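Could you walk me through this model, feature by feature? I would like to learn how to read each one.

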Amino acid sequence: MAVQRLIERFNLRSRLRFDIDAGQIWLDESRMLLFHAKAIGALRRELFDSLGAKRAQGLLFRMGFAAGQQDADLASKLLGEGDNFDVFQIGPELHAFEGLVKTVLMDAHIDWEQGCFFGEAKCENSWEAESHLQQFGIGEDTACWTLAGYASGYVTRFFRRFIVFRETQCTCRGDPHCVLVGKPVEAWGDDAYLEYCRPQDLEPSLRELQRELWQLRGGQREQHAPGRLVGASPGFRTAFDLLGKAARTPITVLLLGETGVGKEVFARWLHENSERAEQPFVAVNCAAIPNDLIESELFGVQKGAFTGAQQSRPGRFERADGGTLFLDELGDLSSSAQVKLLRVLQTGEVERLGDDKARKVDVRLVAATNVDLQRAMAEGRFRADLYYRLATYPVTIPPLRERKSDIPLLVAALLEKYAPIYHKKLPGLTDRAMQALMAHRWPGNVRELENLIERAVLLVPSGTRIEVEHLFAGCLPAPPCGAAIDRQGLVGNADEARRELLYDSLLDDGFDLQAHEARLLELAVRRAKGNLTHAARLLGITRRQLAYRLKQASGENRPSPERT
Ligand SMILES: [Zn+2]
């Protein structure tokens, strides 16, 4: 009986794309690598030689586990598009597709309700057994650790339950073929084997070595991301080092940078790491307060100062007494407010509006702007004396597009922040989603990234990876281009592959060519607003041909549209 491969039935071939221009291969959302089996075999050999068999086996198992999980993500997306068992079987077939092994499931007991699996698989042409034999010859041990890891990772992720596979027969031991047996972790009751599944604690000596290495590299790991500031890129570190040096001094700091780079987060960090940390942190966005109100906001009002001032109240300066006042968008301050601000900075005293009493304030000022203050000064919009007072210690925060290497760190921090808010457990992003983030220009900087991640967390189902579609919902960047591989194994155009995917999906649900033709004609006529000449052009046929087909499609008893 000729069996249609699942790879074909679920159109997985069209999800494999070769983008030679970009030097990338993609399987759906995952970046793939086409390696020489010999090269991986050599690496595998070195792992055994340098780490010993047990540790090498564990590493290989966990590497396979990670691959199996990725493929399970892909298969899980197809649940509902076919029989559950067929979708499950995509795993072994993908493994074959990727060229690692041919697996036949011999025996499987699956409880779909409970998500439980007991099963046994026969493996042939295992790349790993082949490589192991070449490198080590026949021996006592089974060798297919990445395969056992893959099966475990795949089934575990698919059923969301820890299922562990173990190789019970292997050609490397002289068995006729390799056999993997899988069952839930608790059914094994073999702690020694299960050790392979867990990342082993590094030996103390190795850990010590690692710490020394980090310190040699400038102690990067240990210093990164104190508090809510996240970053390790050179641009971030330059800004952060400057900030760190100013933290415990009284100096006025001027934060410069585009909108959305996180100036307030920097200001807060400065406050929290200063000697004033226990005192208030007061933030004012000067651009958000109307000009005629900004002075009373900042400096306070005495009762009766103007109509409507029925009560005396302190301004933000007084409220920040002892602590830090953060003035954001300072470039938008009116000129009379600039004069008053300068006086406060010079004297350390504020006068409320309508009051002649000076009040001492002890405030550390942090100012921020995305305006070019020097230009504003040259154009007479900003006082030079105030500028020189504020600009003693400028810190420029780089835009996100200049610190893209921080994106993975920022994304991890944002997921940690938003996943609990939306009650989700999220394993992270797909490779393609991360690549889309790295390729984006980020005009809105970190704030834009934060918005994108929050929306993606909202959209993605719990337990699955965030994909490009979740991030750029409704505003997709250009689809990945490149070549896809077709049924004959030929590399073709990805657009064509997508088109083929469309036709293919049409065939899946009881196709009716005539009905589809009628529908297409109708759509074209509607889009052309009834103009048959335009509609014919949309369909790539003549007006006469269209009129004829419309007549056919509408049958005998319905008149054809007579509009042109
Ligand atoms: Zn084997």
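Q: How many helices and strands does the chain have?
A: Start with a count of elements, keeping in mind that this is a predicted model. The chain has 26 helices and 18 strands. Of its 564 residues, 44% count as buried. Looking at contacts between residues at least 6 apart in sequence, 67% join residues at least 24 apart.

Q: Which residues coordinate the zinc ion, and through which atoms?
A: Look for the donor atoms around the metal. Here the zinc ion is held by the SG atoms of Cys 144, Cys 170 and Cys 178 together with an OE atom of Glu 167, at 2.0 to 2.3 Å. Along the chain, these donors follow the spacing C-x22-E-x2-C-x7-C.

Q: Why is the arrangement around the zinc ion called tetrahedral?
A: The angles decide. Ideal angles at a metal are 109.5 degrees for four tetrahedral donors. In this site the 4 donor atoms subtend angles of 99 to 122 degrees, so the arrangement is tetrahedral.

Q: Are Glu 167 and Cys 170 buried or exposed?
A: Compare each value with the cut-off: buried means under 20% relative accessible area. Glu 167 has 9%, so Glu 167 is buried. Cys 170 counts as buried because its relative accessibility is 0%.

Q: What is the volume of the largest pocket, and which residues are closest to its centre?
A: Take the volume, then the lining. The largest pocket has a volume of about 1,300 Å³. Its lining has 46 residues, and Met 32, Leu 33, Ala 67, Glu 98 and Leu 100 are the closest to its centre. Helix 3 (53-76) gives the most to this lining, with 10 residues. By type, the lining residues divide into 23 nonpolar, 11 polar and 12 charged.

Q: How many cavities of 30 Å³ or more are there, and what lines the largest cavity?
A: Again, go from the space to the residues around it. The search of the whole structure finds 1 cavity of that size, with about 190 Å³ of space in it. Its lining of 17 residues has Pro 92, Thr 103, Ala 121, Tyr 150 and Ala 151 nearest the centre. Helix 7 gives the most to this lining, with 5 residues. The lining divides into 14 nonpolar, 3 polar and no charged residues.

Methods: Residues numbered from 1 in each chain as written. Predicted model: local features only at pLDDT ≥ 70, side-chain atom pairs only at ≥ 80, totals over all residues. Heavy atoms only, no water. 1 Å grid on protein atoms, 1.4 Å probe; cavity = no way out; pocket = protein on both sides within 12 Å on 5 of 7 lines; lining within 4 Å. Points joined across faces, edges and corners; volume = space filled by probe spheres on them. Helix = DSSP H or I, 4+ residues; strand = E, 2+ residues; numbered from the N terminus. Nonpolar A, V, L, I, M, F, W, Y, C, P; charged D, E, K, R; others polar. Donors = N, O, S within 2.8 Å, 3.2 Å for Na, K, Ca; no water. Tetrahedral: all angles 85-135°; square planar, octahedral: opposite > 155°, others 65-115°. Buried < 20%, exposed > 50% of the residue type's maximum accessible area, 1.4 Å probe, protein only. Contact = heavy atoms within 4.5 Å.
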